[in-house]
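I opened this model to look up a few things and wrote them down in the order I took them.

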Amino acid sequence: MGVIESVNSTINGLVWGWPALILLGFVGVLMTCLTKFFQVGHFGHWMKNTIGAIFGDKHVVAHTGDQSISQFQSLCTALAATVGTGNIVGVAGAIAVGGSGAVFWMWLIAFFGMMTNYSENVLGIMYRRKNSQGEWCGGAMYYLRDGLGSKKGCKQIGSVLAVLFSCFCLLASFGIGNMSQVNSMVSNVKTAFGIPEIATGIFLVIAVGAVILGGLKRIASITEKIVPFMVILYLIGTVIIIALHAGTIPAVFSSIFRCAFSVKAAAGGGVGSGIALAMQMGFKRGVFSNEAGLGSSVMVHSNSNVAEPVRQGMWGIFEVFADTIIVCTLTALTILSSGAIDLASGTITSEAAEIGSNSLMSYAFGQTFGPVGKAFVAIAILLFAYSTVLGWSHYGSKACEYIFGTGSIVVYRVIFVVIVLAGSVLEAQLAWDISDTFNGLMMIPNLIGVLVLSPVVMKVTQNYIDRHFHGKNIKPMLSAFPDVQKEQEAVLKQQGQ
């Protein structure tokens, strides 16, 4: 364990150093500028065509007869993977280490991350292909190979980066998508109900295996039922606590903005290290939560029955908005208004520090609802983390398919289920640290791909705007491949879009 911790710490310091964080922020800012602040300028449009379309467009929610899934199912599966322990434990950890100011930096990276996620989805649809089973295959590995690889002199580097991304995604599925989630589940269940970790671990092996061994259709069917229920239930609980502490909200926001730019020295650091730590924790935990920049959720968005790349891109915007701007914000406000944080300094109180950052939400709910509140958080984490495990099992299977072929998926799923048991007994901090490392390793090749292919995203977006807002009668840009373009044009006409 000591060797693993040492090696992981070294790699983590490199992939989550300032160069990588600057690259992450730069890509988000660039895509925001190239699309002319699409997430702001067309706010009403993408809201209408995402959450609004659920109630008025049958193509968004209707189950498909082929191997694709509906747009709503793709969103729920993506949200299942992103709305996880990062929204509860991750946010709490960011505040505990980086102070209340970390919340501001989490918001900032999410604002620009909306367009990073949008760009990933647009590229995912543009470069996706169908496999031998008729299932769409898309993701960073495909737009690295076929998009970046199509540039002059870049064929080999595109193929290498595609394989590297797939390898890192495969490993990340065991980290962020499995061990860290399972570890949070078993520890919170033990705290709330006294059930031993190994017993919960065995139960999860059965519960996870029963779903993921049935493939994407079964995963999507479960997540579209779990995700809306768990998010609404969690939002109700947090809103009640925030409403009961409404008097502290002005002080909470003041603490967030003041401490985000505090130049006071962090523990063991020089003047200015406070703002650096808040920024780093906000960025890291923000990305851990919404995964914008990792290139992960695009793998399930690419399985959608959508024909228009920009429409699926808008689901990517909504995904980050719902995950970080709504869910993570409510988590942060709940913790900050509960008394767990000294709002004057923005740091965790000594009483709250004794219970650990992983239990800050339990502390906040316990302060208001007593033991019932702690049980509520344990159940919320159980649902959030369970759904994340289901979503990430699909990501890992697509990475495995890219490297080893379609026949390897069953073997991967069996190994994934076994890893669930390992996650239930692994040391908590190590599980989170390994997840951070794998996230960072995925992020770098993906961001290179998005950066190089940013002109493609800009052209596809402008094509959509010209057709839908300016009424221009021009050919839609639906795929980088002529045969798929022709097929999707027929789908677009059939859907009346």
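**Entry 1: nonpolar patch**

I looked up where the nonpolar surface patch gets its residues, and helix H12 (residues 216-244) supplies the largest share, four residues. The model is a predicted one. The patch covers about 570 Å² and is made by Ile232, Ile236, Ile240, Leu244, Phe369 and Val372. I then checked Phe369, which sits in helix H18 (residues 360-369). Phe369 has 34% relative accessibility and therefore counts as partly exposed.

**Entry 2: the whole chain**

I went through the overall values next. The chain has 23 helices and four strands. What radius of gyration would a compact globule with 497 residues have? The rule puts it near 23 Å, and the chain has 22 Å, which agrees. Along the principal axes, the C-alpha atoms fill a box of roughly 65 × 45 × 45 Å. I noted that 60% of the 497 residues are buried. Of the contacts with a separation of 6 or more, 82% are between residues 24 or more positions apart.

**Entry 3: helix H9**

Is helix H9 (residues 140-147) mostly covered or mostly uncovered? I found helix H9 mostly covered, with six of its eight residues buried. The buried ones in H9 are Ala140, Met141, Tyr142, Tyr143, Leu144 and Gly147.

**Entry 4: Met299**

I picked Met299, which lies in helix H15 (residues 298-301). Met299 has a relative accessible area of 0%, so it is buried. Leaving out residues up to four places away in sequence, I listed what Met299 touches: Gly138, Gly139, Met141, Phe165, Cys169, His394, Tyr395 and Lys398. Met141 in that list is one of the buried residues of H9.

**Entry 5: cysteines**

How many disulfides does the structure hold? I counted zero. Cys137 is in no disulfide, and the nearest cysteine sulfur, that of Cys400, is 12 Å away. Cys137 is buried because its relative accessible area is 4%. Cys169, which Met299 touches, is in no disulfide either, and its nearest cysteine sulfur, that of Cys167, is 10.0 Å away. At 0% relative accessibility, Cys169 counts as buried.

**Entry 6: salt bridges**

Side chains of opposite charge can pair when their charged atoms come close. I went through the salt bridges, and the structure holds nine.

The side chains of Lys398 and Glu135 meet in one of them, at 2.8 Å from N to O. This pair links distant parts of the chain, 263 residues apart: Lys398 is in helix H19, and Glu135 is in the loop between strand S1 (129-130) and strand S2 (136-137). Lys398 and Glu135 are both buried. I noted that Glu135, Lys398 and Glu401 are linked in a network of salt bridges.

Asp466 and Lys472 also meet through their side chains, at 4.0 Å from N to O. Asp466 is buried, with a relative accessible area of 12%, whereas Lys472 is partly exposed at 44%.

Lys475 forms a salt bridge with Glu489, and their closest N and O atoms are 3.8 Å apart. Why does this pair tie together parts that are 14 residues apart in sequence? Lys475 lies in the loop between helix H22 (454-468) and helix H23 (482-494) and Glu489 lies in helix H23, so the pair ties those parts together. Lys475 counts as exposed at 57% relative accessibility, and Glu489 counts as partly exposed at 22%.

**Entry 7: two serines**

I looked up Ser408 and found it in the loop between helix H19 (371-404) and helix H20 (409-423). Ser408 counts as buried because its relative accessibility is 14%. Apart from neighbours within four places in sequence, Ser408 is in contact with Cys400 and Glu401. Glu401 belongs to the salt-bridge network with Glu135 and Lys398.

The other serine I took was Ser254, in helix H13 (residues 249-260). Ser254 has a relative accessible area of 37%, so it is partly exposed. Ser254 and Gly346 are 92 residues apart in sequence, and their C-alpha atoms are 9.9 Å apart in space.

Terms used. Residues are numbered from 1 along each chain as its sequence is written. This is a predicted model: local features need pLDDT of at least 70, side-chain atom pairs count only at pLDDT 80 or more; totals for chains, interfaces and linings use all residues. Side-chain values use heavy atoms; hydrogens and water are left out. Patches are made of residues with over 30% relative accessible area and no salt bridge: like charges are joined within 9 Å, nonpolar side chains (Val, Leu, Ile, Met, Phe, Trp, Tyr) within 5 Å. Accessible areas come from the Shrake-Rupley method with a 1.4 Å probe; for residues, only the protein chains shown count as cover. Buried means under 20% relative accessible area, exposed over 50%, partly exposed in between (1.4 Å probe, protein chains only). The radius of gyration is taken over C-alpha atoms; the globule rule is 2.2 Å times the number of residues to the power 0.38. Contact means heavy atoms within 4.5 Å. A disulfide is a pair of cysteine sulfur atoms within 2.5 Å.
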